[in-house]
Amino acid sequence: MSTIRNRVVALGATAIAASLVLAGCAATEETTTEETTSAAAGSTGCEAYAAYMGNEGSEVEIYSTIVSPEADLFMESFVEFEDCTGITINWNGSQEFEAQLPVRVAGGTAPDLAVFPQPGLLAAMVATGQMVAAPTDVADSVAVNYTADWKNYGTVDGVFYAAPLGANVKSFVWYSPKTFADNGWAIPTTWDELLALSQTIADTSDVQPWCVGFGSGEATGWVGTDWMEDIMLRTASAETYDKWVSHDIAFNDPAVVTAISEAGKILKNPEFVGDVASIATTTFQDGGAGIVDGSCAMHRQASFIGGILAGDYAATIVTPEDTTVEGGITTFYFPGVSADNKPALGGGEFVGAFADRPEVAAVQHYLTTPEWANAKAALGGWFSANLGLDTANVADPVNAVAVEILQNATTFRFDASDLMPAAVGAGSFWKEMTAWVAEDKSDAAVLDAIEASWPAN
Amino acid sequence: MKDFAILAARKTPWEIVAPNLTVLVFGLLAFAAVIFLIFILAERASVKAQEWLKYLVFLVPALLLLAIGLIYPAFRTLLLSFMNADSSEFIGFENYIWAFTRPEIVTVMTNTLTWVILVPLASTVIGLSIAYLTDRMKRSSAIKSLIFMPMAISFVGASIIWKFVYDFEPNLKKTDIGLLSAIAKALGFTPPNWLLEVPLNTFLLIVVMIWIQTGFAMVVLGAAMKNIPDEVVEASMLDGATQWRRFLLITIPMIRASIVVVVTTILIGTLKVFDIVRTMTGGNFSTNVIANEMYSQAFRQLNYGTGSALAIILFVAITPIVWYNVRQLRIERSER
């Protein structure tokens, strides 16, 4: 009797172990959000979709980093297109996109369309030979609706592959319009005016001109790289900026030395930022909070900080004209060296195809049109660099400023640290910018150390 | 709320759950079938075969999991440590040369050494003292639970708590919330930005680890002290031994094996410390340690070569301690 019971216990233990393994496998499966559409081709209001017809009953998968709730707005923006054309768009969002896409491509299960969050991955995927160059109508549409800079980021070795989708902008200075109006400070339009205004604020008021925080856990220092990039794009030409990114000029090149010394005029000036070393231990969120509670006048940060300040620090996002709201914040453009020098630093996504099917081309084409961009922007919380995008459709005042910056920008460049090799862009560049403020490391020592860390090949 | 409305219109919860449920049911059925098969085999097997089958059923799953989860990754890491960043070609010992020559990596090694010496020593000494002082005390459980409580807090949680303790407010107009700054001010000092002060900051991080590990040392050593036979203690009392001599000549030798286990266990934990540094300084301000740098190299900077080399160095450093620990455990067991 006892031997039988022992055997049962033993098997039970094995059963538990095995079921744990099974559960582990099941949990790693991706979740695909599928949509079902009732194809009602030819119904009223479908005239606008004439160019995409003839693909009824087909399906197109879009693989992306964008997941719910943002993904739901994308799906909503596709409904009319799907109803009219009979093409079903399957939005497949995964936060493991960047790791999984190469796996899927190597395994022969590439998605129809992939939304690349940065151009580096696009180039790597083109190198696999699995990508399909954008068809003529997509290329033509992008040529009309986007500036050449944006088209270039979707181009690899002279062949255009991926069309721009969404965008974000980093060249922002956050401020309180009420504080500015109360003190009679004017929005600066050049870098020198910005420095002069900082000096005026330091001399004539008890408000600290700038709040800066580099702290971001293990990614501490990225705020410093953004400052450097934004200034590099202004003190050097766009071509030099590109060479800097691709390491065709050294990281300690004179052009970069100029940029870091200009950045130091603000970041390493205790009159402007208070205790310089503490920048390294102030989180970027706390840095932004200074403009909400009025302890500092200006804060350079990308558009996303608005959401954090509104959510966690009870800030109200207002339009630049609204000078009455206490604690109301908004942005002005981080000025160039001259008033007509207006480069924009930011990022965006690009849609590239792995399948050469008419319905895939139709979806890729539709996503480049101003009609879709306006429809998508009207759903809120999103904008693109599409020249046909009407700012009236962009509800958020800061996003509206961002669209204006993008449409008026003399040049647009991607965040350099995202394009550099990870050893620099997610390593030494962060660490050295942190040491630059925390340990008062010299400009030259910082740049030399980053140059030394650049991977050899 | 609009978003949910869209989702609801497109897909009922049942539609989302149903496929998973189907997979679950099929999985369980398949599993039951396998179990049933094993039962039938077991019934039919001879007595001798049943004996073997028993070993097999016990060992195979464990060995399989060990092979997949431990042995294969270990060899793969060793292989990767001799390869370049994207593991496409062999580069010999270059990653190891890199690890021992780059100045920032040398800092990492020195810091790790500081941790490894201080944490086990301080945690064990403090833990031992508290265990001894509370050994024959009435109502000691309240004190013991307070000291043991940090053990129940995750390293990241503890780091966030201590980050508040070390908090520094550069803006004089704002309220300072750092406890340590408040103490310094009360004593008449001007508080520095604690986490920026090299080498003080490494010691401040070490305090967090000691705070967590002391409870562990106290509980294990306290339990060992309870096992000391009363006759021995009474005999020494009758012989007129002072409290201090009794501690040195009776208690310590009697719990020696437990002390060794506590020290080595904390030591291994300290070599692997990663969460505290990552949460509090991100490895900046010369506080980096080997485990954090390993993660950063492999998964942030995507250099699997250098990351693996650091992992192997860590592995080689831990191995003798693990071996010693296991040997001590075995000795202790055989003594009983």
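A residue is treated here as buried if 20 or more other C-beta atoms lie within 10 Å of its own, as exposed if 12 or fewer do, and as partly exposed in between, with C-beta atoms placed from the backbone. The structure is a predicted model, in which local features need pLDDT of at least 70, side-chain atom pairs count only at pLDDT 80 or more, and totals for chains, interfaces and linings use all residues. Residues are numbered from 1 along each chain as its sequence is written, while chains are lettered from A and ligands numbered from 1 in the order in which they are written.

Chain B contains 15 helices and 0 strands, these elements being DSSP runs (H or I of at least four residues for helices, E of at least two for strands) numbered from the N terminus. The chain is divided into domain 1, residues 2-80, and domain 2, residues 96-335, with bounds that come from an automatic or database domain assignment; the centres of the two domains of chain B, taken over C-alpha atoms, are separated by 38 Å. The radius of gyration of chain B is 27 Å, whereas a compact globule of 336 residues would have a value near 20 Å, where the radius is taken over C-alpha atoms and the globule rule is 2.2 Å times the number of residues to the power 0.38. Along the principal axes, the C-alpha atoms of chain B fill a box of roughly 70 × 65 × 55 Å, and 27% of the 336 residues of the chain count as buried.

Within helix H5 of chain B (residues 103-134) is B:Val119, which counts as buried because 25 C-beta neighbours lie inside 10 Å. Apart from neighbours within four places in sequence, B:Val119 is in contact with residues including B:Ile206, B:Met209, B:Ile266 and B:Thr270, a contact being a pair of residues whose C-beta atoms, placed from the backbone, lie within 7 Å. B:Leu271 is 152 residues from B:Val119 in sequence, yet their C-alpha atoms are 9.9 Å apart.

Several backbone features fall in loops. In chain B, a cis peptide bond with omega of about 0° joins B:Val198 and B:Pro199, and B:Pro199 is found in the loop between helices H8 (179-186) and H9 (200-226). B:Phe285, although not a glycine, has a positive phi of about 55°; this residue lies between helix H13 (275-280) and helix H14 (290-300) of chain B, in the loop, and is buried, with 24 other C-beta atoms within 10 Å. In chain A, a positive phi of about 65° is found at A:His247, likewise not a glycine, in the loop between helices H10 (238-246) and H11 (254-267); A:His247 counts as partly exposed, with 14 C-beta neighbours inside 10 Å.

How values were computed
Two residues are in contact if their C-beta atoms, placed from the backbone, lie within 7 Å.
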